[in-house]
Amino acid sequence: MKALDGHEKKRLSHVAPADWRNPEPASRYNLLVIGGGTAGLVSALAAAGLGGRVALVERHLLGGDCLNFGCVPSKALLRAARLAAEIRGSTAFGIEVPANVEVDFGAVMDRMRRLRARISQHDSAQRLRDNGVDVFLGEARFAGPRSVAVEGRALRFKNCLVATGSHPVQPTIEGLSEAGYLTNETVFDLTVRPKSLVVLGGGPLGCEMAQAFARLGSEVTIVQKEPQFLPKEERDAAQILSEAMSRDGIQIRLNTEVTKVSCTNDRKTLQLISAGDESAVTAEEILVAVGRAPNVEGLNLEAAGVRYDKEAGVEVDDRLRTTNPAIYAAGDVALEHQFTHTADASARIVVQNALFLGRRKLSRLTIPWCTYTDPEIAHVGIYAREANERGIPIKTFTIPMHLVDRAILDGEEEGFVKIHVREGTDLILGATVVARHAGEMINEITLAMVAGAGLGTIAKVIHSYPTQAEAIRKAADAYLRSRLTPTLKKLSSRWLAWTR
Amino acid sequence: VNLVPESSRAGDIQSRVQRDAFRYFERSVNPANGLVGDNTRPGSHASIAAVGFALSCYPVGVERGFMPRAEAADRTLAALRFFRDSPQGEAPDTSGYRGFYYHFLDMQSGRRAWKSEISLVDTAILIAGMLTAGQYFDADSESEAEIRDLAERLYTRADWKWALNDEPTIRHGWKPECGFLHYGWEGYSEAILLYVLALGSPTFPLAEDHYRAWTSTYQWENLYGWDLLYAGPLFIHQFSHAWIDFRGIRDAFMREKRSDYFENSRRAVHLQWDYARQNPRGFRGYGPRCWGITASDGPEPGTRRFDGREQRFLGYAARGVPYGSDDGTLAPAAAAASLPFAPEIVLPTLEHLYDAVPEAATEFGLRCFNPSFQDEEGERRGWTSGASFAVDQGPVVMMIENHRSGFLWELLRRNGYVARGLRRAGFRGGWL
């Protein structure tokens with residue numbers, strides 16, 4: 001199954017060069033980074049760029065989950081899947097295409113690998129070395145509170161960053177291991193489309209992959225333990241996603257658990273139970289996407305006095321320092337929000353706090369996130385539930401996308417923009433966007449939150465017409481209209497009558 | 001534009017719609033045990049919500065002259081005695097457990113049907129019907145005294161604390177095969193009634209905290225220019241109002257928002273009306289006199305061509321707008337049951353229905369229709385449901401009556417348990 005074509009060889013030459021020779025260690029490093037994923041790369045390059053002596057240790061692939069098994073390959077796949085869906089729906093735009101449009105799955109995956117290989121040069125060992133980072137390929141184990149052993153060599157540090165990332169959780173289901181299954185670490189190695197696929201898990205990865213494979217021609221069933229997809233998101237958002245996935249022909253099994261898996265003639269049968277009702281589904285492949293666990297094993301964190309939990313990861317304070325004051329942690333291994341951009345942001349905090357006596361706090365970050373389904377679901381800040389629990393009165397301004405001209409013209413009317421403000425003010429506390437381009441749209445709201453700009457300010461910002469982001473301005477306009485109380489309206493009418 | 005038709009015709013329409021809807025309960029009952037079919041299709045099982053609506057509609061029928069009082073009392077007694085005598089327990093073929101009942105029951109035996117769940121919200125509707133009957137049948141006769149006694153006994157034996165399963169919110173249901181369904185009633189929905197009854201119970205009352213847990217995901221939204229507690233399907237804004245007069249009484253949330261649930265439903269109805277006028281998905285028929293989207297029957301599930309696009313039709317589904325499922329199916333019963341909230345737009349809608357879609361107005365109540373549906377051959381255009389449903393017709397009878405006379409609201413205002421439940425939920429003001 002594993003395809004080692006030219007693209008793969010190119011990627012591996014960047015992120016795990018076979019002929020790599022580890023450098024002679026320096027006597028002591030300002031920053032020793034364990035893990036060459038997003039957090040590790042960002043911190044190492046930043047620290048080296050600022051003149052620090054920096055080492056980075058990677059045991060597998062530079063670029064980490066994002067480049068190799070996450071954002072990069074998945075978004076390449078999603079783009080092809082979206083195009084396939086658009087071609088199938090082209091008649092609605094007056095464009096006739098031949099019936100039975102064929103998806104060349106092998107070519108789709110080849111494109112993905114080509115683009116991934118191209119992007120991998122940004123994360124290459126050579127680039128790191130060119131930027132002054134000592135790159136060590138091998139296993140890192142703490143030998144004490146100020147040193148790490150790599151391939152028999154001791155690396156001493158003033159500060160260390162643990163950025164080892166996370167790995168997919170493997171559910172304990174009878175027969176699953178024997179039947180075999182895919183995870184995000186293996187699914188992008190496929191070269192032949194599975195005729196049928198069962199996706200376990202209705203979180204971001206499960207939903208994205210279920211929709212992508214369905215659009216690329218697999219018969220997909222998605223099994224989700226919870227009664228809704230994306231359980232952390234708003235009910236209305238999850239409902240829209242559920243309907244979108246149904247339209248794509250995905251068989252949806254919410255509130256359902258897998259009790260047993262068996263395999264006959266390369267067909268995998270999953271026994272399901274939902275509220276006491278038993279059923280079964282059979283497929284060629286199973287994709288497990290039920291969550292991620294931090295990579296804390298094998299690091300000998302005990303020797304460094306770093307406290308950790310196998311599920312919650314490395315324990316850090318708000319400044320990302322571990323229980324060893326010389327050691328920090330960032331990215332998936334320590335954070336609740338396991339996103340590339342969170343890893344990036346947390347790495348920047350560590351560089352400042354560890355090397356320049358910084359006092360930056362993780363809790364001060366405003367972190368948006370997005371699930372790249374179609375429509376996308378993006379969120380930033382507080383949820384209504386959180387606000388209620390914390391006793392913060394909020395009001396939500398909601399604009400359905402079918403009220404936005406550009407969304408109508410684009411045929412992309414599913415979804416909404418919801419912006420939560422503190423009741424009686426225009427202070428933005430959070431937002432959820434469900435739209436074709438929600439991931440792009442959420443950035444404007446995030447910027448407003450970080451800059452302290454309220455809905456009143458957004459209402460003053462001229463938005464290009466027609467754009468889908470106009471939905472945000474419409475929410476701001478709705479806020480302004482809500483300020484027009486009956487008394488103010490009466491006064492306004494009188495003034496206008498008087499000045500007529 | 002004044003859309004209100006002439007008052008005499010308005011009265012005629014209300015009477016006709018109400019009478020037809022009431023006829024559903026006359027035809028769908030098993031007189032031996034008082035159980036009422038979920039719908040008019042042959043072989044339909046009984047639903048406990050259908051019985052709850054029936055028990056609430058019988059007093060209306062008596063007052064409107066649709067049914068003699070003695071017959072209404074007989075039917076009521078048959079149902080109450082059935083629920084008193086039917087087996088309760090953990091076995092999979094009983095009628096209920098812990099004072100609650102399975103969602104669907106066999107019309108003849110009264111035993112659990114379809115491996116359905118013990119349904120908390122449907123039991124609440126059933127019990128609301130029982131309390132309505134107990135409140136209405138106030139005569140000194142032996143049979144009416146028995147109705148009052150049974151209504152009290154059946155309400156007080158429901159173990160609402162058990163229904164929490166040690167969680168902050170009441171669970172959706174329970175099954176002997178798996179225990180509690182692992183999600184609860186939280187966030188705005190038709191379940192206000194459920195919480196009011198659970199809080200008002202003299203035997204197994206919930207603590208006030210559980211009502212707060214239920215409201216913890218409330219979201220006050222400005223949508224289409226309306227400030228409201230949004231929910232897509234209309235029935236959510238109607239069911240609890242069929243029994244409880246929410247005009248002028250407010251819980252903590254509504255006090256903070258300077259609104260009340262009645263006003264909220266009024267806005268929700270107008271929002272649906274606005275949506276139909278805008279008709280963003282371009283469905284046939286939608287307009288100011290043709291609207292009303294809720295959980296309802298619909299054309300057989302599947303994808304069909306419609307106006308050059310692929311349209312997925314949903315069968316029986318929870319439809320809601322402006323950002324829920326909408327496949328062009330309209331539920332005129334949902335519009336009719338909105339009468340107390342917005343008569344100025346409901347009455348013209350009913351008038352239009354009789355003129356434009358007469359096949360949807362049957363002798364057993366209003367039925368769903370979908371003018372946008374066409375069959376695979378493209379020959380049959382439009383779809384009308386082949387069945388009437390109890391959960392559509394019950395609210396129609398009750399809400400038209402509430403609009404005309406406030407009769408059911410007045411009955412339940414006098415019920416001490418309901419008043420206690422409301423107060424413990426934090427409701428204040430108005431008639432309370």
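B:I118 stands opposite B:W174, a residue of β6(B). The model is predicted. The points below cover the sheet in chain B that contains β6, then a positive patch that includes A:R111 and a nonpolar patch that includes A:L484.

**Sheet in chain B**
- The sheet is open and has three strands, in the order β5-β6-β7, with antiparallel pairing.
- Its edge strands are β5 (118–119) and β7 (179–180) of chain B, each of which pairs on one side only.
- Between β5(B) and β6 (residues 173–175) of chain B there are two bridges, and these strands run antiparallel.

- A:R111 is located in helix α5 of chain A.
- A:R111 counts as partly exposed because its relative accessibility is 32%, and partly exposed is the class between under 20% (buried) and over 50% (exposed).

**Nonpolar patch in chain A**
- A:L484, A:L488 and A:L491 make a nonpolar surface patch of about 280 Å².
- A:L484 sits in the loop that lies between α15 (470–482) and α16 (486–498) of chain A.
- The relative accessibility of A:L484 is 45%, so this residue also counts as partly exposed.

Methods. Residues are numbered from 1 along each chain as its sequence is written. Chains are lettered from A and ligands numbered from 1 in the order in which they are written. This is a predicted model: local features need pLDDT of at least 70, side-chain atom pairs count only at pLDDT 80 or more; totals for chains, interfaces and linings use all residues. Side-chain values use heavy atoms; hydrogens and water are left out. Patches are made of residues with over 30% relative accessible area and no salt bridge: like charges are joined within 9 Å, nonpolar side chains (Val, Leu, Ile, Met, Phe, Trp, Tyr) within 5 Å. Accessible areas come from the Shrake-Rupley method with a 1.4 Å probe; for residues, only the protein chains shown count as cover. A salt bridge is a side-chain nitrogen of Lys or Arg within 4 Å of a carboxyl oxygen of Asp or Glu. Lys and Arg count as positive and Asp and Glu as negative; His and the chain ends are not counted. The place of a charge is taken as NZ of Lys, CZ of Arg, CG of Asp or CD of Glu. Helices (H or I, at least four residues) and strands (E, at least two) are DSSP runs, numbered from the N terminus. Buried means under 20% relative accessible area, exposed over 50%, partly exposed in between (1.4 Å probe, protein chains only). Two strands pair if DSSP finds at least two bridges between them.
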